[in-house]
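Colleague: I would like to go through some labels with you and hear the grounds for each. Can we start with the model on screen?

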Amino acid sequence: MSRITLNVNGKSHTLDIAGDMPLLWVLRDILGLTGTKYGCGEGSCGACTVLADGEPVQSCRITVAEAAGNSFTTIEGLAASGLTRCQKAWLEEDVSQCGYCQPGMILESHALLRRKPKPTDQDIDQALAGHLCRCGTYPRIRKAIQIAAGAGSKS
Ligand code: FES
Ligand code: FES
């Protein structure tokens, strides 16, 4: 067991925990943040994506020991001060179907717009290449990102 401190959604958590536990399980089972989804567990689907200091990471692929000291944002924390422009565009376009992949898609899209305020469809496809949507919502996601990009620089 190790004593590890993580910052998640602006709150600090000190945990006595096995250091090799994937961050995904810490978020879901210990902190109760079940918006982060378990899909493949091996880095192939993107469902477990969260932001680490603003950059997308797959939480099934990093251990809590590796995560220590970083600041993470999950889908629960993204709208802490109101819905982001991505989330608003998602609602406007009625993007979600079953919803399982959507937290990871939204967090990845949020990071893309921070990095590239006016992405092309190719930029979007590249950014989302590591995310699987079994419901095939890709065209609506692309449209929502373009709507969010048109909404200006507010996150
Ligand atoms: S659950 Fe992490 S990439 Fe699929
Ligand atoms: S909305 Fe169902 S998997 Fe993407």
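Colleague: Is Asp 53 buried or exposed, and what makes it so?

Modeller: Keep in mind that this is a predicted model. Asp 53 has 10 other C-beta atoms within 10 Å. The cut-off for exposed is 12 or fewer. Therefore Asp 53 is called exposed.

Colleague: Where does Asp 53 lie?

Modeller: In the loop between strand 3 (49–52) and strand 4 (55–58).

Colleague: Why is Asn 9 called partly exposed?

Modeller: Asn 9 has 18 other C-beta atoms within 10 Å. Buried needs 20 or more, and exposed needs 12 or fewer. The count of 18 lies in between, so Asn 9 is partly exposed.

Colleague: What is the phi of Asn 9, and where is its place?

Modeller: Phi of Asn 9 is near 55°, positive although the residue is not glycine. Asn 9 sits in the loop between strand 1 (2–8) and strand 2 (11–17).

Colleague: Now helix 7. What span does it reach, and what is expected?

Modeller: Helix 7 (residues 138–150) has 13 residues. From first C-alpha to last it reaches 18 Å, close to the 18 Å expected at 1.5 Å a residue.

Colleague: Which residues of helix 7 are buried, and how do you know that they are on the same side?

Modeller: Ile 141, Ala 144, Ile 145, Ala 148 and Ala 149 are the buried ones. They cover an arc of only 140° around the axis, so they are on the same side of helix 7. On the other side, Pro 139 and Gly 150 are exposed.

Colleague: What do the buried residues of helix 7 pack against?

Modeller: Helix 4 (85–93), helix 5 (102–115) and helix 6 (121–127).

Methods
Residues numbered from 1 in each chain as written. Chains lettered and ligands numbered in written order. Predicted model: local features only at pLDDT ≥ 70, side-chain atom pairs only at ≥ 80, totals over all residues. Helix = DSSP H or I, 4+ residues; strand = E, 2+ residues; numbered from the N terminus. Expected span 1.5 Å × (residues − 1). Arc of directions from axis to C-beta. Contact = placed C-beta atoms within 7 Å.
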